[in-house]
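Me: I am new to this structure and would like to learn how to read it. Could we begin with the core and then turn to the sheet?

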Amino acid sequence: MAPQRALFDVSTHDGDGERAATVLPGRGYTCDAPLLHHVRLLLRTRGWSVRTVRWRTPPAPEQLLDLAPELLDAVQARQHLVVAKSLSTRILPLAVQRRLPGIWLTPLLREPDLCRAAGRATAPTLLVGGSADPYWDAAAARQSGQRVLEVAGADHSMEVPGDVGASLQSLQAVLAAAGELLDDVS
């Protein structure tokens, strides 16, 4: 396991020992970027323990799938929530297999394995994407039967290019939807 562990670092904010969230970044979208930063703040405000993963070097898709069990199985809390952005949403099939609730930010639903996994999820699941994101598949998201938040005009960062106000509204909408999911998980 040590060679794989060298690919990432984990920091922990202690909260309720029975509720833990693992927050996973995208390839270039770190946990300090607006979506993940504010979702972590929301979790902390709600009393969750938060594990923040930071890539030393973003893993290739195959590496991420190899890392996924280590990333998910490290949590021993009664309730484990996964928050993942873009690249990290590739672990959705494993999270579904483990019946973990999740907030999947800009999931790569154009990948058949992810699309199928989203439709099989039995734990509370939120799929978030923007209509201007080339990786987002609105039809697949709706057909999954899961909670879906689609923001008109939002790109892969869930920002509306050239419109700061709309970008802030997008962030607020994501946090509201995440809060509703947390209400059901807690």
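Reply: Please bear in mind that this is a predicted model. The largest nonpolar core has 31 residues. Those with the most contacts inside this core are Leu 43, Leu 81, Val 83, Ile 103 and Leu 105.

Me: Which strands and helices each supply at least two residues of this core?

Reply: Strands S2 (16–24), S3 (48–55), S4 (79–85), S5 (102–105), S6 (125–130) and S7 (147–151) do so, together with helices H2 (34–45) and H7 (164–185). H7 gives the most, with 8 residues.

Me: What is Leu 81 in contact with, leaving aside its neighbours within four places in sequence?

Reply: Its contacts include Ala 20, Leu 43, Trp 48, Ile 103, Leu 181 and Leu 182. There is also a second, separate core of 28 residues; among them are Leu 71, Ile 91, Val 96 and Ala 118.

Me: How should I read the sheet?

Reply: Strands of a sheet pair through backbone hydrogen bonds, either parallel or antiparallel. Here 7 strands form an open sheet with mixed pairing, in the order S1-S3-S2-S4-S5-S6-S7.

Me: Why is one side of S1 and of S7 left without a neighbour in the sheet?

Reply: Strand S1 (8–13) and S7 stand at the edges, and each has a single partner strand, so one side of each has no neighbour there. From one strand to the next, the twist averages 15°.

Me: In which sense do S2 and S4 pair?

Reply: They pair in the parallel sense, over 6 bridges. Val 23 stands opposite Val 83 in S4.

Me: Which strands does H2 lie across?

Reply: H2 lies across S1, S2, S3, S4 and S5, and runs at about 160° to S3.

Key:
Residues numbered from 1 in each chain as written. Predicted model: local features only at pLDDT ≥ 70, side-chain atom pairs only at ≥ 80, totals over all residues. Heavy atoms only, no water. Core = buried A, V, L, I, M, F, W, Y, C linked by side-chain atoms within 4.5 Å. Buried < 20%, exposed > 50% of the residue type's maximum accessible area, 1.4 Å probe, protein only. Helix = DSSP H or I, 4+ residues; strand = E, 2+ residues; numbered from the N terminus. Contact = heavy atoms within 4.5 Å. Pairing = 2+ DSSP bridges. Axes fitted to C-alpha atoms, helices over the stretch in contact; angles between N-to-C directions.
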